[in-house]
Amino acid sequence: MSAIAAVPSSRRVLADVIARPSSRARAFALDAGLVVAGAAVVAILAQVSIPLQPVPITGQTLGVIVVGAALGSRRGAAALATYMLVGLAGLPVFADFTGTIAAVAKPSFGYVIGFVFAAFVAGWFAERNWDRRPALAFVGFAAASAVPFVFGIPYMAFILNVVGGADFTFWQLLEFGLFPFIVGGLIKAALAALIIPGAWAIVRKADASKK
C-alpha cells in the first residue's frame with residue numbers, strides 16, 4: 001500500500017497527487033526533495049525585487065503562498081524554515097542575492113521569520129480544500145499573506161528603535177512596513193488563487209481522462 005493512501009482525501013494537497021513510494025524511507029526522501037524544491041522556488045522569486053527602505057518589495061510572498069498551498073502546512077513550513085536557515089548559513093537566497101547570518105540585524109528579517117508561519121497557514125487552508133476554488137483560495141491566501149506582518153513590524157520596530165536608537169512612531173512603522181505592501185500582497189494572493197486552483201483543474205482533467 002502506498003504512503004498516499006494514509007493521507008485522508010479531505011487533507012490532500014497538490015504534493016500528495018504525486019505517486020508516493022511504498023517505503024517510509026523513500027517517502028521521506030520525496031518529502032525532503034519537495035521541501036528543498038519549495039525553498040528553491042522562494043529563493044528564485046526573492047530576486048524579483050523593488051528596492052524600498054527599510055523593507056523591499058519582493059516576489060517572496062507569492063512563493064511562500066504557492067509553496068505552502070502546494071506542499072501543505074508541515075512541508076510548507078519546513079520549506080520556508082529551510083529557506084531561512086540556508087540564507088543565514090550564507091547561501092545567496094534572500095532578496096538581491098544576499099545571504100548571511102548578519103541578516104538577523106536587518107529590519108526586514110522579521111518578515112522572513114513570518115514566512116515560515118505564512119506557509120503553514122496557506123497549507124492549512126489548502127488541506128481543508130480552500131485551494132480548489134479561486135474565491136475561497138483568495139480569502140485563505142490573503143490571510144496567509146497578512147501573517148508576515150505580524151512578525152515583521154514588531155521585529156522592524158525592535159531593530160530600528162531599540163537596536164538602532166531611532167524613535168519611529170507606530171504610524172511611521174506602518175508607513176514603512178505595511179502600507180506599501182497591501183496592494184501588492186492582494187495581487188500576489190490573487191495570482192496564487194489562480195495558480196493553485198488552476199493546477200487542481202489540470203489534475204482533475206488528467207484523472208478524468210484516465211477513466
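The bend at a residue is the angle between two axes, one fitted to the seven residues ending there and the other to the seven starting there. In this predicted model, helix H4 bends by about 30° at Phe115.

**Helix H4**

- Helix H4 covers residues 109-127, and at 1.5 Å a residue its 19 residues should span 27 Å, which agrees with the 28 Å that separates its end C-alpha atoms.
- Of the 19 residues of H4, 14 are buried, and the helix is therefore largely enclosed by the rest of the structure.
- After H4 comes Asn129, a residue whose phi is positive, near 70°.

**Aromatic pairs**

- The structure holds 11 aromatic pairs, and one of these joins Phe149 and Phe181, whose ring centres are 6.2 Å apart and whose planes stand at 45°, so the pair is tilted.
- Because Phe149 belongs to helix H5 (residues 134-163), while Phe181 sits in the loop between helix H6 (170-177) and helix H7 (182-210), this pair ties together parts that are 32 residues apart in sequence.
- Both Phe149 and Phe181 are buried.
- A cluster is formed by Tyr83, Phe94, Phe109 and Tyr155, which are linked to one another through ring pairs.

**A charge over a ring**

- Arg132 is placed over the face of Trp200, at a distance of 3.7 Å from the ring centre.

Definitions and conventions
Residues are numbered from 1 along each chain as its sequence is written. This is a predicted model: local features need pLDDT of at least 70, side-chain atom pairs count only at pLDDT 80 or more; totals for chains, interfaces and linings use all residues. Side-chain values use heavy atoms; hydrogens and water are left out. Helices (H or I, at least four residues) and strands (E, at least two) are DSSP runs, numbered from the N terminus. The expected span of a helix is 1.5 Å times one less than its number of residues. Buried means under 20% relative accessible area, exposed over 50%, partly exposed in between (1.4 Å probe, protein chains only). Rings of Phe, Tyr and Trp (its six-membered ring) pair if their centres lie within 6.5 Å; planes under 30 degrees apart count as stacked, over 60 as edge-to-face and the rest as tilted. A charge sits over a ring if NZ of Lys or CZ of Arg is within 6 Å of the ring centre and within 35 degrees of the ring normal.
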